[in-house]
Amino acid sequence: MLANAIDLGAETKDKSAIQYELLAAESLDGSIHVEPGSVDLLTAAMAAHWFDMDRFWRQAGRMVKPGGTVALWTKSSLYCHPSTPNASQVQQALSHLEDDILGPYGLPANNVCRTMYANLLMPWSADPPVAAAFPQPLSVRREWNRDGKLELGQEDFYGGSSATSLADLAKGLGTSSMVTRWREDHSELVGTEGDCVVQTMRAVAEAIMGEGAEEFGGVTIKVGCAATLLLFTRAQ
């Protein structure tokens, strides 16, 4: 990822080159480019649930300047767009895969993400607490499209959605850590009609196209995710 970013040669608004550095979230003060207490915005996209949050909050308190912000956001759960034919039946198939089939294969971090960071460790609950640096009154939680419902006036999911073939959706789901673990536990079913993703895509196709949808790969569906944004302001 770093190599690709460097090859793209991005620049900041003032045309200065962006500097890239590989560090663990728990070791930010090891940076050779960024001084402690100098960071305006520290952000993590769909990653904080994998952090050691006790250590991360101590690092954030060390690196972010007074008045600066930590922004953590994630997408969670897969939903079909409400305009999907037989949307409730389609969603039932998608939720059955995530909750019933793959649920037992979720790690604690997966579950933190799936619950829209409701159980993510906050700075005032860290050990030791970092509440002095990031007091609870200066925090903000925003969420969109919980349970796949569009917000009032919305025509699409807040995080956007995309029309995709079920074949491509199946490939994407196949990269999920929970699917990977399910397949390791059911190796004899991988590549067969008994594969959990194949069964789900077939159920979705039948919900959209009707009984007897033999080839599901070319069926197109529009999907999106719920989204959560957490903002923590560093005390002055």
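**Backbone, cores and pockets**

Reply: Asn145 sits in the loop that joins E3 to strand E4 (161–165). The model is a predicted one.

Me: Is Asn145 buried or exposed?

Reply: Phi of Asn145 is near 65°, a positive value in a residue other than glycine. Most residues other than glycine have a negative phi. Buried means under 20% relative accessible area. Asn145 has a relative accessible area of 0%, so this residue counts as buried.

Me: What is the relative accessibility of Tyr117?

Reply: Tyr117 is in the loop between H4 and E3. Its phi is near 65°, a positive value in a residue other than glycine. Tyr117 counts as buried because its relative accessibility is 1%.

Me: Which peptide bond is cis?

Reply: Most peptide bonds are trans. The loop between helix H4 (108–114) and strand E3 (139–144) holds Pro128. With omega near 0°, the cis bond is the one from Asp127 to Pro128.

Me: Which element gives the largest share of the largest nonpolar core?

Reply: The largest nonpolar core has 28 residues, and those with the most contacts inside it are Val90, Leu102, Leu166, Met201, Val204 and Ile221. Two or more residues of this core come from each of helix H3 (87–101), helix H5 (166–173), helix H6 (177–185), helix H7 (196–209) and strand E5 (220–233). The largest share, eight residues, comes from H7.

Me: Which residues does Leu102 touch, not counting residues up to four places away in sequence?

Reply: Leu102 is among the residues with the most contacts inside the largest nonpolar core. Leaving out residues up to four places away in sequence would be the rule for the list, and Leu102 then touches Leu97, Met178, Val179, Trp182 and Cys196.

Me: Which element gives the most to the lining of the largest pocket?

Reply: The largest pocket holds about 1,200 Å³ of space. Its lining has 27 residues, of which Gln19, Glu21, Leu28, Leu42 and Thr43 lie nearest its centre. Helix H1 (2–8), strand E1 (39–45) and helix H2 (53–63) each supply at least two residues of that lining. With seven residues, the element that gives the most is E1.

Me: How many residues of the lining of the largest pocket are nonpolar, polar and charged?

Reply: The lining of this pocket includes Gln19, Glu21, Leu28, Leu42 and Thr43. By class, the lining divides into two charged, five polar and 20 nonpolar residues.

Me: Which element supplies the largest share of the lining of the second largest pocket?

Reply: The second largest pocket has a volume of about 780 Å³. It is lined by 26 residues, and the closest to its centre are Met46, Ser77, Leu78, Leu173 and Ser176. By class, the lining has three charged, 10 polar and 13 nonpolar residues. The largest share, four residues, comes from E2.

Me: How far apart do the end C-alpha atoms of residues 18–71 lie?

Reply: In an unreviewed entry, UniProt lists residues 18–71 as "domain: Methyltransferase type". The span is 20% helix and 28% strand. Its end C-alpha atoms are separated by 20 Å.

Methods. Residues are numbered from 1 along each chain as its sequence is written. This is a predicted model: local features need pLDDT of at least 70, side-chain atom pairs count only at pLDDT 80 or more; totals for chains, interfaces and linings use all residues. Side-chain values use heavy atoms; hydrogens and water are left out. UniProt positions are given in the numbering used here, feature names are shortened, and annotations may be inferred rather than shown by experiment. A nonpolar core is a set of buried Ala, Val, Leu, Ile, Met, Phe, Trp, Tyr and Cys residues joined through side-chain atoms within 4.5 Å. Buried means under 20% relative accessible area, exposed over 50%, partly exposed in between (1.4 Å probe, protein chains only). Contact means heavy atoms within 4.5 Å. On a 1 Å grid over the protein atoms alone, a cavity is a set of points where a 1.4 Å probe fits but cannot get out, and a pocket is an open set with protein on both sides within 12 Å along at least five of seven lines; lining residues have an atom within 4 Å of a point. Grid points are joined across faces, edges and corners, and a volume is the space filled by probe spheres set on the points. Ala, Val, Leu, Ile, Met, Phe, Trp, Tyr, Cys and Pro count as nonpolar, Asp, Glu, Lys and Arg as charged, and the others, Gly among them, as polar.
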